[in-house]
Amino acid sequence: MDLQITRRRFLRQTIGFSAAVLASQAMPAIAAAPHGEADLLMVGDWGYARPAAQELVAASMVKYTQAQRLHPQALLMLGDNWYDELPGGVDSPRWKTHFEDLYPASVFPGPAYAILGNHDYQMYPTSKVEAELAYARRGHTRWTMPAKWYSFDFPAKKPLIHFIALDSNMPHEIKPNPDGTPNRNFTLTEEERVAQFAWLEKELAKPRLTPFTIVMAHHPVYTDGPHGDHPMLIRDWDPLLQRYNVHAYLGGHDHDLQHLEFHGHPTSFFLSGGGGADLYDLKITPDQRGPWAQKVNGFSHLSVTEKLLTLRHVDAAGNTLHAFTKTPEGKTSVLSA
């Protein structure tokens, strides 16, 4: 497959790829999906200024973990960690009330690997990016963000997944507000974009020491939601996902839950953006491009063994809505309800 394929040609190749394609494979029931040798939960678009839905999803994560008798070794915080003002920055009381308390260490004792979303790139009143990086440097917290982009192995002992955590806030023109006041938003610089891209290619080119490789960033490469597919990530990152056979790309940004597959593409695109912000209507329905997407609050569960990766979407009531498995060789199977 030509890795420089144009976006239009690529999307033409995906027409007709839907749940029917994966339905041709054996589809064991969701209930039969095994817990892994290692488990983690992930949530995106969670730090909303009006926290009622966030609190509901977070409580469901706790109840789900207890009901399933899970021992999650980590959390993934998929960006838009703080909407609107973060008063006090690194010392804001929101760190305790809507991170430490809602995702308690008694249930989630491992690291909370975090990446930056577009709402984190706002000056409210100062840089939330710098506050999040500074909070990670404090020794008493699980919040883990050593840099704007970084990598880690999961689990820490006998790792099964190599994670690459990226900053997808690509440089673009930011215009003043209509009233002439400066815009609060900002992004990566062009120099940072170039440096991250070079780092990403080197990271992916390293000898693979784990059965699975996963890339995560806030903005999706492909999405059926209203933000639409990301032209710059398609141009820059997608060829690398294909060339290095990345097993999954995790993201958020669109406020829903999604799982997209493309014929001939080694990467499963898994979006978990239902963590608490207002929900979005889908722009493309799963029967057009799928196999699955739903406008719903919720979170996601990753289980992994040496031979199998399982990803599940769970709603705020704790119901598993969708799940699929993937082997190190790339064979993907949807699990039926």
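**Notes on the predicted model**

1. The protein chain exposes about 14,100 Å², and carbon and sulfur atoms supply 55% of that; the areas are Shrake-Rupley values with a 1.4 Å probe, and for residues only the protein chains shown count as cover. This is a predicted model, where local features need pLDDT of at least 70, side-chain atom pairs count only at pLDDT 80 or more, and totals for chains, interfaces and linings use all residues. Residues are numbered from 1 along each chain as its sequence is written, and side-chain values use heavy atoms, with hydrogens and water left out.

2. On the fold: the chain has eight helices and 15 strands, taken as DSSP runs numbered from the N terminus (helices H or I, at least four residues; strands E, at least two). Of its 337 residues, 57% are buried (under 20% relative accessible area, 1.4 Å probe, protein chains only).

3. The largest nonpolar core has 55 residues, meaning buried Ala, Val, Leu, Ile, Met, Phe, Trp, Tyr and Cys joined through side-chain atoms within 4.5 Å. Met 61, Met 77, Phe 99, Tyr 103, Trp 143 and Tyr 249 touch the most other members. A second, separate core of 27 residues includes Tyr 150 and Phe 324.

4. Have a look at Asp 238, which sits in helix α8 (residues 238–243). Asp 238 is buried, at 3% relative accessible area. Its side chain makes a polar contact of 3.1 Å with that of Tyr 222 (N or O atoms within 3.5 Å; within protein, one must be able to donate a hydrogen and the other to accept it, and residues adjacent in sequence count only if both atoms are side-chain atoms).

Conventions:
Buried means under 20% relative accessible area, exposed over 50%, partly exposed in between (1.4 Å probe, protein chains only).
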